[in-house]
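Work through the exercises below with the sequence and the model side by side. Try each task before reading its solution.

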Amino acid sequence: MRLTFYGAARKVTGSMFLLELEDDYRILIDCGSTLDGSQNHREVFQYGNFPFDASLLNIVFLTHAHIDHSGQIPNLYQSGFEGQVLCTSPTMELSELLLHDAANLNSRIVKNIEKSHKKSKKWKSIETQGLYLRKQVDEAVQNFVPIAFGNRFKFKDDGYVTFYPAGHLLGAAHIVIEVLENGVFKKIGFSGDIGRKNFPLLVDPVTIPEVDYLVMESTYGNRNHSDAGEPEQVLKDIIQEACVDITGRLIVPSFSVGRTQCLLYTLNRLYQNYDIKPIKVFTDSPLARVSTKVYEKFRKQLNKDARDFYEETDSIFDFENLHYLETDIESKAASTHTESCIIISSSGMIKGGRVEYHVEKNIENPYATILMVGYATEDSVGGRLLSGDLKDLQIRNKKFAVNAAIKKIDVFSGHGDLNDLISFAENQDKTKLKKLFLVHGDMDAMINFKEILETKGYENVEMPNQNQSFEL
């Protein structure tokens, strides 16, 4: 069999791996969009031109819903794929929300192209190819099939797949594929994105069985999380400084699916367990609201602390002074709220979304704090804020003085750090593992992690290039 790396090769996003079996059965593991700023899904798949024949694929296995793992699935069907997408039930529902959100953005892009160019219909058609809309999402998600965690599912004769809890995001999975070849079962593991232990809401990533080949993410391959202490205490200290000691605004750019739910749960626990002044919390993301309902629906798949908290309080995410903002008018009004408040808004990188407006209105305010709680690409506003001390910042062609306080915490990062990655790898017997492929990381992280693994006796560690194939 042959494994080809069509995405997340020596970069963080765009996960896409093709496994071709001896009998020509073809499995695609993840089908994600590239989000690194150097190129977007329109450029990569502008003509529906995948680097393989989509019509020859038999099946897709999806590790989790994040758009850098799922974002190209509608285009896959438009390019001729007719099979099913296997994933967990929460991943199926969250993927539908995220793909519809991407389709809404695509719709706005299409309208702008049509308005700004007086070109032929053929030229407009070329410029808008690869921008799937809601209809294409609806057609794709009809083919999603939910698979329970731990169920050894037979997807073909002598072919099995098992999904194991990965933490990281509700429904996220490690995937182990077993295929009979030459009378022997070969086992290939895909880590997906590895979660961290004792993370708010989510279960710890589980240990997968020993495999012959392992494809493993390496996002934090050169660093550990810097923040110590419980998330509640870390957040409490920031709120005290930003909103209690002064009448200030705390702006938290946050991804709508996953990160926002962790923040709301932590704030709920904070108000329940600490003697802290109730402060208005505005959640400014329609996507966050509907995805929170999915988290509530699948609360039995959350960790024990979250389940126990629900039994005690009858609520995981709702608390006094929490307000969901629906309209643009409500959103703009929150940016200039006269009392102390917390505004949680997307996107997490400050790259589009309603949060850009909140940052614009508050970046010059010395009584405002902008709290970064996750990864941001270098080209995003969030990435520039994290790059160091800035005197001014350009947002949407306007220049602003940076007077607000800029803070960063990583207690809400959903990725396991270097210690977690080492622990995951060391569950595999180094004498039996034939190859370990590192993906989904920048070069510095991959090189550092590879060197550490080699010192621990893992000899066959590869860092595949884009489009590189390996015979297994």
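**Exercise 1.** How do the residues of the lining of the largest cavity divide into nonpolar, polar and charged?

*Solution.* The model is predicted, so local features need pLDDT of at least 70 and side-chain atom pairs pLDDT 80 or more, while totals for chains, interfaces and linings use all residues. Residues are numbered from 1 along each chain, and side-chain values use heavy atoms, without hydrogens and water. A cavity is a set of points on a 1 Å grid over the protein atoms alone where a 1.4 Å probe fits but cannot get out, and lining residues have an atom within 4 Å of a point. The largest cavity is lined by 13 residues, with S15, F17, S191, G192 and V439 nearest its centre. The lining divides into four nonpolar, six polar (Gly counts here) and three charged (Asp, Glu, Lys and Arg).

**Exercise 2.** Find which residues line the second largest cavity.

*Solution.* The lining consists of L235, L250, V252, L263, L267, I342 and I344. Strand 12, helix 8 and strand 15 each give two or more residues to this lining, where helices (H or I, at least four residues) and strands (E, at least two) are DSSP runs numbered from the N terminus. The lining divides into seven nonpolar, no polar and no charged residues.

**Exercise 3.** Check the span of helix 8 at 1.5 Å a residue.

*Solution.* The expected span is 1.5 Å times one less than the number of residues, so the 15 residues of helix 8 (259-273) should span 21 Å, and the end C-alpha atoms, 21 Å apart, agree with this. Of these 15 residues, 13 are buried, meaning under 20% relative accessible area with a 1.4 Å probe, protein chains only.

Conventions: Buried means under 20% relative accessible area, exposed over 50%, partly exposed in between (1.4 Å probe, protein chains only). On a 1 Å grid over the protein atoms alone, a cavity is a set of points where a 1.4 Å probe fits but cannot get out, and a pocket is an open set with protein on both sides within 12 Å along at least five of seven lines; lining residues have an atom within 4 Å of a point.
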